[in-house]
Amino acid sequence: MSLLSIDRELARDSYYAATAPRLESFPSLNEAITADVAIVGGGLAGLSAAIELAEHGLQVVLLEAHEVGSGASGRNGGQALAGLACDQGEIEAQLGLEEAQRIWAMSLEAVQMIRQRSAEFGIDCEWQSGYLSLATNARKARELQASAAAMSRNYGFEQRWIDGQELPDWIDSPRFAAGLFDADSGHLHPLKYCLGLSLAAKARGVRIYEHSAVTQLAQGQSVRLTTAHGSVKAKQVLLAGNVLLQEIAPDLAPSLSQRIMPVGTYIACSERLDAQRIKALIPSRAAVCDTNFVLDYFRPTADQRLLYGGRVSYSTASPRDLKQSMQQRLLSTFPQLQGVSMDYAWGGFVDISMNRAPDFGRLGANANVYYLQGFSGHGLALTGLAGRVVAEAISGDAGRFDCFARLRHRPFPGGKLMRMPALVLGMAYYRLKDMF
């Protein structure tokens with residue numbers, strides 16, 4: 001079974017799809033049209049860029065292979081967090097502290113953008129402030145405290161330290177030794193947010209086409225994108241399909257696929273619980289994530305469920321009996337929830353880069369094909385910021401986009417046939433480190 005088929009199958013039992021009705025559908029492209037900018041991908045990055053470009057006065061067309069928000073943008077854990085998937089030390093090593101501070105400030109802007117856009121566009125995305133980062137043992141607690149001190153010293157970013165004695169006031173779980181609380185990050189219903197952005201884009205004149213997979217890209221002074229039944233000629237193009245871009249059209253931009261790998265990620269959502277029971281588990285109602293390399297993350301939902309994400313697959317093989325396996329992970333954190341059933345279990349694929357840093361750049365001799373990828377499982381907030389900075393670049397101010405574009409990325413080792421087995425072995429090593 002292809003990666004694309006597996007991804008679509010994993011989407012069937014999504015809590016988000018069940019609780020976010022699609023109030024509007026968009027037509028497929030059945031003609032030849034022109035635009036200032038054509039965007040490939042109807043997720044958060046593509047929609048964010050479309051809104052920003054339309055507000056700059058440009059004519060924008062967005063092409064989505066399935067439905068807007070049908071990929072990772074509408075199926076993720078819902079945690080909107082400051083920072084990148086990689087440690088800030090990676091950015092400092094490549095760009096220096098000053099540029100790393102600039103990127104960190106943009107990541108804070110990314111979280112704030114969600115609040116601003118939700119208010120401006122009237123999107124009820126169930127935003128809840130607060131994020132807990134928790135260490136599972138004393139050694140990891142020391143590492144977490146040292147990291148917090150470095151972030152305070154170098155970035156002016158303050159978080160509340162929670163020691164072991166205070167921790168029961170924040171989470172009712174025996175798994176954790178200490179933690180940090182970030183009051184500004186938070187969580188939301190990502191599909192409701194994504195669908196809200198699509199309506200906002202349409203209201204600003206963006207032409208959105210669903211079920212319009214791009215199969216060919218012809219570069220030149222202008223760029224032509226071809227779909228099954230139509231085409232778009234545009235002065236500039238943005239590729240924002242991320243991990244599924246190469247699956248849908250492997251010849252579209254083959255150089256990009258070498259620097260990202262697909263990773264399967266899985267989430268379950270419990271039956272409704274009593275509001276007091278949810279409050280007893282996580283009194284602040286914050287999003288929660290542990291600090292393991294192969295991490296668990298969870299949060300309460302607005303309708304009093306516990307949404308729990310964990311295990312990953314680096315081989316594209318999906319786990320059997322997903323509800324049961326996710327329920328066991330839930331019980332390892334909250335054993336008092338024995339007997340609570342899981343109403344939903346789903347998953348999908350995200351793209352990771354070798355160093356977990358985002359990969360932004362341009363393609364072609366005319367440098368008029370932009371791309372955004374490599375969010376590495378940390379893209380709910382950052383995709384919005386990415387859309388803004390690429391829109392700035394397309395509109396003539398590339399300063400912030402080029403700050404990201406200067407990050408260097410290596411292809412995954414092993415070539416097309418061996419890189420996935422090599423990654424599986426590497427991740428097994430990190431799982432052992434988490435255990436011991």
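Colleague: How do α5 and α6 lie relative to each other, roughly parallel or roughly perpendicular?

Modeller: This is a predicted model, so to speak of local features we need pLDDT of at least 70, side-chain atom pairs count only at pLDDT 80 or more, and totals for chains, interfaces and linings use all residues. Residues are numbered from 1 along each chain as its sequence is written, and side-chain values use heavy atoms, leaving out hydrogens and water. The axes (lines fitted to C-alpha atoms over the stretch in contact, with angles from 0 to 180 degrees between N-to-C directions) of helix α5 (residues 97-121) and helix α6 (residues 138-155) come within 11 Å and cross at roughly 100°. Angles of 65 to 115 degrees count as roughly perpendicular, so α5 and α6 are roughly perpendicular.

Colleague: Which residues of α6 meet α5?

Modeller: Contact here means heavy atoms within 4.5 Å. From α5 come Leu-97, Ala-100, Gln-101 and Trp-104, and in α6 they meet Met-151, Asn-154 and Tyr-155.

Colleague: And how many residues of that contact are charged?

Modeller: Asp, Glu, Lys and Arg count as charged. The contact of α5 with α6 has five nonpolar and two polar residues, and the number of charged ones is: no charged.

Colleague: On to the strands: which residue in β10 stands opposite Val-40?

Modeller: Strands pair if DSSP finds at least two bridges between them. β1 (residues 32-40) and β10 (residues 231-239) pair in the parallel sense over eight bridges. Opposite Val-40 stands Leu-239.

Colleague: How many of the nine residues of β1 are buried?

Modeller: Buried means under 20% relative accessible area, with a 1.4 Å probe and protein chains only. β1 is mostly covered, and its buried residues number seven.

Key: Buried < 20%, exposed > 50% of the residue type's maximum accessible area, 1.4 Å probe, protein only. Helix = DSSP H or I, 4+ residues; strand = E, 2+ residues; numbered from the N terminus. Parallel < 35°, antiparallel > 145°, perpendicular 65-115°, else oblique.
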